[in-house]
Amino acid sequence: MYSVTHWLRERGFEPGASTLWLGRCPATERGAEFLRVEPGSPVIFVHRVRSANGMPIAIERMFFPVDVGSHILNFDADNESIHDHLRKQGVEFDNVNRELSLASASEEDARSLNVEPATPLWRLHLDISDHSGHPVECTEILYLGDRLTLGMTSVRGTTSPLEVKLSEG
């Protein structure tokens, strides 16, 4: 579940995106560590507001190594799936490490989500690599706290992935 577009469609929502910024920028410390570049090195950055049925639900900040991200510099990130486009360009997404935590909306994020600053958010951090372990993407998605419920099904003798569900409220 690393494509917000597919995740929303599978759950009956119409996905949307509004790109706030897409271009080259210096790597953040955490992004640089995962992408295996020096902090401050150029990476491709995408900053979007994600919506479901026209309602803002999340802020997305995606960092790509230049060789991967260069495929999206002239791409319409508002109307198509970035991951679908990158797959068509031969980019492989095979391994995803997820970290879920809590955050509070910054003033900038609150404006984008039409909420008050300090509104509770779920923070989902994704580190994505190809089958060889080469970094492909480092992303943070901040979901409105009142729009998600978490559920997990356990099967004896196996590990069970966490399931994230979008609520209509």
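Buried denotes a relative accessible area under 20%, exposed over 50% and partly exposed in between, with a 1.4 Å probe and protein chains only. The model shown is predicted: local features need pLDDT of at least 70, side-chain atom pairs count only at pLDDT 80 or more, and totals for chains, interfaces and linings use all residues. Residues are numbered from 1 along each chain as its sequence is written, and side-chain values use heavy atoms, with hydrogens and water left out.

**View A. Cysteines C25 and C138.** C138 is buried, at a relative accessible area of 3%, and C25 is likewise buried, at 16%. The structure holds zero disulfides, a disulfide being a pair of cysteine sulfur atoms within 2.5 Å. The closest cysteine sulfur to that of C25 belongs to C138 and is 11 Å away, so a bond is ruled out by distance.

**View B. The largest nonpolar core.** A nonpolar core is a set of buried Ala, Val, Leu, Ile, Met, Phe, Trp, Tyr and Cys residues joined through side-chain atoms within 4.5 Å. The largest has 27 residues, of which L8, F64, I72, I82, L86, Y143 and L166 touch the most other members. Two or more residues come from each of α1 (4–10), β2 (42–52), β3 (55–64), α4 (82–88), β5 (120–129) and β6 (135–144); β3 gives the most, with four. Helices (H or I, at least four residues) and strands (E, at least two) are DSSP runs, numbered from the N terminus. Beyond four places in sequence, L86 touches F64, V68, H71, I72, V91 and F93, contact meaning heavy atoms within 4.5 Å.

**View C. Aromatic pairs.** Rings of Phe, Tyr and Trp (its six-membered ring) pair if their centres lie within 6.5 Å; planes under 30 degrees apart count as stacked, over 60 as edge-to-face and the rest as tilted. A single aromatic cluster comprises W21, F45 and F63.

**View D. Surroundings of R48.** R48 lies in strand β2 and counts as buried, at 3% relative accessibility. The side chains of R48 and E60 are joined by a polar contact of 2.7 Å, that is, a pair of N or O atoms within 3.5 Å; within protein, one must be able to donate a hydrogen and the other to accept it, and residues adjacent in sequence count only if both atoms are side-chain atoms. The R48 side chain also reaches the backbone oxygen of A77 at 2.6 Å.
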